[in-house]
Amino acid sequence: MIPFLTYPLALLALATVPVLAAIYILRNRFRRRQVSSLVLWRFQPQSKPGGAKVHRLQLPLLFFLELLALTLLVVAATGPQWKLPQSARPLIVVLDDSFSLQAVNGGLSAQGRCKIFLEKLFNRQPPPATRLILAGTTPRVLGATVKSWSQVNSLLAEWKCWSPNSELEPAMTLAAELGKQQANILVLTDHKPADEKIANPRLKWMAFGAPLDNVAIVNASRTAFADQDRCLLEVANFSGNGQSTRLTVLAGSNAPQVSLLNLAAHESRRLVFNIPANTGTLRAALDADALAADNEAQLLPPIRQRVRVEMALTNAGLAALVNRTLAATGLRAALTQNPDLIIRESDGPTGTNAWNLCLRETGATNAYTGPFIVDTSHPLAAGIALDGVIWAGSAATNVPGDLPVILAGNVPLLSAREDILGSRHLTLNFNPELSTVQNTPDWPVLFWNLLSWRISEMPGLKESNARLGTEVTLKTSGEAVTVTQPDGVRTAFAKTGGDLALDTPMPGIYSVVTGAGTNEFSVNVLAADRSDLSACASGQWGQWQEDTAQRLEQTSAVWIFGLFALGLLAAHLYLVAAAKGIK
Amino acid sequence: MEPVIRQALRDGEQLGLRYALQIPQVAASGWTGSRTGRRAGSSIDFQDYREYQPGDDLRFIDWGIYARSDRLTIKLFREEVTPHLDLILDGSRSMNLEHTEKPAALAQLAALLATAAANAQCAQAVWLSGEGFQRIPNDSLTPSAWDKLELTSTRTPEQSFEIMPPKLRRLGVRVLISDLLWPGEPLQLLRRLRDGAAALHVVQLLASEDATPPEHGNLRMVDSETGAESEIYIDSSVARQYAENLAQLQQAWADACRQCGAQMTTIIAENLATSLRDLETIQLLTPS
């Protein structure tokens, strides 16, 4: 700990020390003074009379105080800096947010064990600063930098362990960036690291899991199937032994259906069944085991959206053809008022929400056999092959602003554009009398794509059942949206527009209020990787390097000398005041 | 005699013109003088009548009364006496402390008292301590005529008293002027001074340096009488101890004075002019 002097020339000020000493010596030498009698001074020890006397210089305590204060001030003026060992590094805790940490072993979950460990760590050696990072589907910094355990504990309230997976690697990368390679990183999880040899001297991996038997619902879906809903439930046994569990299915208000499942080791079993479309929420539950989160699934009825189509074609034959095609898709609504799609021979006016499909009547027509250029990334072109097809159309170029989807050379056969209100205007350059397209599967595929695209652009939820951690898309038309989570937490979105991706941080039924309407969607814990507890483990991997001896930092010691000098001067002032009798 | 002392005597003489020595009743006896005594005497002031007794001076028989009543009656007149002041001055070197007003104040105070005594028709004798007590030359005259008032003795008044005590007038007023700064029991000296005196006044005359401790620092103290030296570092505690010692000394003298029926006061030499009221308080002086 050799001090480094920033301004060594300030040591020249030490020349004041002999000056001070000279002042005191001259001031404190014995001055001769005649007194009436020494009778009143007899309390003082008398000097030994006779002989040569050596007069010892008597310097008061004040001199030494001033001398010391002067020396300290001079040293402070030199700006000393010491290399002091820094024993305490900031701590960044990476918390595994996956739901597998909810697995209970011995009455305590892995998450609870992590909290206990963290509390003991803070009691034993509290770090100077702590940051928390949640490792869920994406790493997320939890709050600001905190110092005390109470602050950390309050932040841990947001650690709910509902994520379907834990991205620990990106979280550790984020921690390393935040810590600038100086902070200690602590990973709290329930499984061992991929590489058990941790080379990072700043990383400690603590796992508090246990390889437990677990039977989980790993897949659940409910899709529209004509006038019924087709349900799929997949139950997996992740233990190395055969397991028996009861599956209880409650569909709407019907009586619960209980079935006994005998699953071999690592076996998964799929159950597919149909229920009426008007059945309410379907609830499936397994017997209780180590991990309760994946024992239950709720499936809401699928969303059945239809497109209201207004047929404005004057060509009766063509209209009949299109009507048959639309009916085949099953996506056409029975109603035609306030249409979502208008099919006509000419382009429609702008200013409405309705889309327009223009089947243009053309005079001069060419029949094209290919090759056709298809923009396969366009929603209308999905599944369109056009193999061996004759497509007849006029040889006109596309209208400015239209984006061609299907081309024959430089002749657009299908083009689309969007007006200022967001409505789509599609132009089909098509002559049915010379074409064979309507006789191929590409024709109904094209209309299914059209209606499906239109449905995707209609307001409302796009799905009613989602997996935990995925985003649920809500199409809005600008009104305010309020989302209520299963735990009652409400999130309001004002003046939304377009697609709104809703997070699903926990399982349960979410309520979405859009304008005057209310919709619901269900989120289920369906993550086979995290339900598999066989890889969970306990232990410690890696160790923070105790490098306090090597990690020396330049620390200014000016304040230490200044503080001591102030203390000495205060003592000096007190002594002077006391000597003068000042109280 | 130093010019300073001479000048101080003159100043004291001028100052003493305003005052008269306050003579106690018991002192109104003594040698025949110009002051009315407490007994019947030969003055012209009538005092009383009394019946004739054998041995009375026939000159004072009131023959008119005898004629009217056939009884011999003696007329009594007041006695006329001359009271006496004995000024006992400390002639040691401590009263001649250098760089102080102490010697001048001593001379001035002695001259003042002598002049005040003269104003009170009081004779005086001035005794100076040294190798025994000696009267200073011309002490019966006015103070400006005094001589050899030299403060050079290395003996304390107590030692001088042992060598040769002053021949003090009986029933006289005695005033001791000293700084009283010597070790020893004051009661013995005071009793000898008080013996046969009408009144004894002790005036402690201190320089301001005696009353107030020196400033802080290292000092080599030199005793003005013995020349002994002592090196002392003065700080607040030492100064406080000095003040306590002085207070104890003064208290010892005050207690001894109280036992002997003497009056004591302390005067700071530098504040002499303002301290004369203290002399009135102890009934030593009175405005003339």
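**Notes on a predicted two-chain model**

1. In this predicted model, helix 5 of chain B (residues 186-194) packs against helix 7 of chain B at an angle of about 35°, and the axes of the two helices lie 9 Å apart. The crossing of helix 5 of chain B with helix 7 of chain B is right-handed.

2. On the helix 5 side, this contact is made by B:Pro186, B:Leu187, B:Leu190, B:Arg191 and B:Arg194, while helix 7 of chain B contributes B:Ala252, B:Trp253, B:Ala256, B:Cys257, B:Gln259 and B:Cys260. Sorted by class, the residues of the contact between these helices are eight nonpolar, one polar and two charged.

3. Helix 7 of chain B (236-260) also belongs to the side of chain B that touches chain A, where strand 9 (217-223) and strand 10 (229-234) of chain B likewise give two or more residues each. Across the two chains, 32 residues of chain B are in contact with 23 residues of chain A, and those on the chain B side comprise 15 nonpolar, nine polar and eight charged residues.

4. Strand 9 of chain B runs parallel to strand 2 of chain A (residues 31-35), to which five bridges join it; within strand 9 of chain B, B:Val222 stands opposite A:Gln34.

5. The largest nonpolar core holds 77 residues, and B:Leu87, B:Leu109, B:Ala110, B:Leu113 and B:Val175 have the most contacts inside it. Helix 3 of chain B (residues 102-119) supplies the largest share of this core, with 13 residues. Leaving aside residues up to four places away in sequence, B:Leu113 touches B:Gly16, B:Leu21, B:Leu85, B:Leu87 and B:Val175.

Note on methods: Residues are numbered from 1 along each chain as its sequence is written. Chains are lettered from A and ligands numbered from 1 in the order in which they are written. This is a predicted model: local features need pLDDT of at least 70, side-chain atom pairs count only at pLDDT 80 or more; totals for chains, interfaces and linings use all residues. A nonpolar core is a set of buried Ala, Val, Leu, Ile, Met, Phe, Trp, Tyr and Cys residues joined through C-beta atoms within 7 Å. A residue is buried if 20 or more other C-beta atoms lie within 10 Å of its own, exposed if 12 or fewer, and partly exposed in between; C-beta atoms are placed from the backbone. Helices (H or I, at least four residues) and strands (E, at least two) are DSSP runs, numbered from the N terminus. Two residues are in contact if their C-beta atoms, placed from the backbone, lie within 7 Å. Ala, Val, Leu, Ile, Met, Phe, Trp, Tyr, Cys and Pro count as nonpolar, Asp, Glu, Lys and Arg as charged, and the others, Gly among them, as polar. Two strands pair if DSSP finds at least two bridges between them. Axes are lines fitted to C-alpha atoms, for helices over the stretch in contact, and angles run from 0 to 180 degrees between N-to-C directions. A crossing is left-handed if the near helix is turned anticlockwise from the far one by less than a right angle, and right-handed if clockwise.
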